[in-house]
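Q: Hi, I have a structure open and would like to go through it with you. Could we take it topic by topic?

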Amino acid sequence: MTTKTGGRSLDVALLLLRVGIGASMFFFHGWGKISGGPDRWAGVGGAMSNLGIDFLPAFWGFLAAISESLGSVLLAVGLLSRPSAALLACTMSVAALGHLARPEGSPGAGLSGASHALELLVVYVALVLTGSGRLSLDHLLRRRRK
C-alpha cells in the first residue's frame, strides 16, 4: 500500500519495519520456541489458561511457536504479511495477558513485564492495517496475477 504523501519512503519504512521486527522476533523468540519441543510448547501454551482455555497446552504453544518463527519469516520477506501479522498480534495479546496475570512481585509481572508484548502488538496491528508495501513478495505476486 502506498499513499500520495508516503510513496517510496513509506515502502522503504515498511520494509525496514518488517525485516527488523521479523528477524528480531524469529531469532530472539521464535527459534527457541519452535526448537524447544513439546515440553517448551506446553509451558508456552499454558498462558491460554488466562483465557479460560486449559486443554491441549502443547498444541497452543506449538501454534505460538509457529506464529513467532514461520510467521516472522513470512512477515520479513513480505509474504502473507497481513495474516502473519494478525497471528503475531494474537500471540502478543496472549503473551501480554500472561504477564498481566502473574502475581505482583514475580518476575515479568504487571505492565512493565507486559510492555514488550504490548509494543509488538501495536506494531503487528499497524502492519495488518498497512500491509507489506511495494517492496514485498505480496506486492510482487499481486502484480503477476494482474
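Q: Let's start with the rings: which residues form one aromatic cluster?
A: The cluster is made up of Phe26, Phe27 and Trp31. Please keep in mind from the start that this is a predicted model, and that every value we discuss is computed from it.

Q: How many aromatic pairs does the structure hold?
A: The structure holds five aromatic pairs. One of them is formed by Phe55 and Trp60, whose rings lie 6.3 Å apart from centre to centre, with 65° between their planes, and this arrangement is edge-to-face.

Q: OK, stepping back, how many helices and strands does the chain have?
A: The chain has six helices and zero strands, and reading along the sequence gives the pattern α-α-α-α-α-α. The C-alpha trace spans about 50 × 30 × 25 Å along its principal axes.

Q: What share of the residues counts as buried?
A: Of the 146 residues of the chain, 36% count as buried. As for how the chain meets itself, if you take the contacts between residues at least 6 apart in sequence, 62% of these join residues at least 24 apart.

Q: Now the helices: at what angle do α1 and α3 cross?
A: The axes of α1 and α3 cross at roughly 150° and come within 8 Å of each other. That angle makes α1 roughly antiparallel to α3, because angles over 145 degrees are counted that way. The crossing of these two helices is left-handed.

Q: Which residues of α1 and α3 meet there?
A: On the α1 side they include Arg18, Gly22, Phe26 and Gly30, while on the α3 side they include Phe62, Ala65, Ser69 and Val73. Sorted by class, the contact of α1 with α3 has 11 nonpolar, five polar and three charged residues.

Q: You mentioned Ser69, so what is it in contact with?
A: Leaving aside its neighbours within four places in sequence, Ser69 is in contact with Phe26, Gly30 and Ile34. Ser69 is found in helix α3, and its relative accessible area is 5%, so Ser69 is buried.

Q: How do α1 and α5 pack?
A: Helix α1, residues 7-34, and helix α5, residues 110-130, pack at an angle of about 140°, and their axes are 12 Å apart. The two helices are therefore oblique to each other, and their crossing is left-handed.

Q: Which residues make that contact?
A: Among them are Leu14, Leu17, Ile21 and Met25 of α1, together with His116, Leu120, Tyr124 and Leu127 of α5. By class, the contact of α1 with α5 has eight nonpolar, three polar and one charged residues.

Q: What about α3 and α4, how do they cross?
A: The axes of helix α3, residues 57-77, and helix α4, residues 81-101, come within 9 Å and cross at roughly 145°. This crossing is left-handed. The contact includes Ala64, Gly71 and Leu75 of α3, and Ala85, Leu88 and Met92 of α4. Seven nonpolar, six polar and one charged residues take part in the contact of α3 with α4.

Q: Changing topic, where does Gly45 lie, and what does it touch?
A: Gly45 lies in helix α2, residues 37-45, and, not counting residues up to four places away in sequence, Gly45 touches Pro57, Trp60 and Gly61. With a relative accessibility of 4%, Gly45 counts as buried. The C-alpha atoms of Gly45 and Ala65 are separated by 9.4 Å, although these residues are 20 residues apart along the chain.

Definitions and conventions. Residues are numbered from 1 along each chain as its sequence is written. This is a predicted model: local features need pLDDT of at least 70, side-chain atom pairs count only at pLDDT 80 or more; totals for chains, interfaces and linings use all residues. Side-chain values use heavy atoms; hydrogens and water are left out. Axes are lines fitted to C-alpha atoms, for helices over the stretch in contact, and angles run from 0 to 180 degrees between N-to-C directions. Helices (H or I, at least four residues) and strands (E, at least two) are DSSP runs, numbered from the N terminus. Angles under 35 degrees count as roughly parallel, over 145 as roughly antiparallel, 65 to 115 as roughly perpendicular and the rest as oblique. A crossing is left-handed if the near helix is turned anticlockwise from the far one by less than a right angle, and right-handed if clockwise. Contact means heavy atoms within 4.5 Å. Ala, Val, Leu, Ile, Met, Phe, Trp, Tyr, Cys and Pro count as nonpolar, Asp, Glu, Lys and Arg as charged, and the others, Gly among them, as polar. Rings of Phe, Tyr and Trp (its six-membered ring) pair if their centres lie within 6.5 Å; planes under 30 degrees apart count as stacked, over 60 as edge-to-face and the rest as tilted. Buried means under 20% relative accessible area, exposed over 50%, partly exposed in between (1.4 Å probe, protein chains only).
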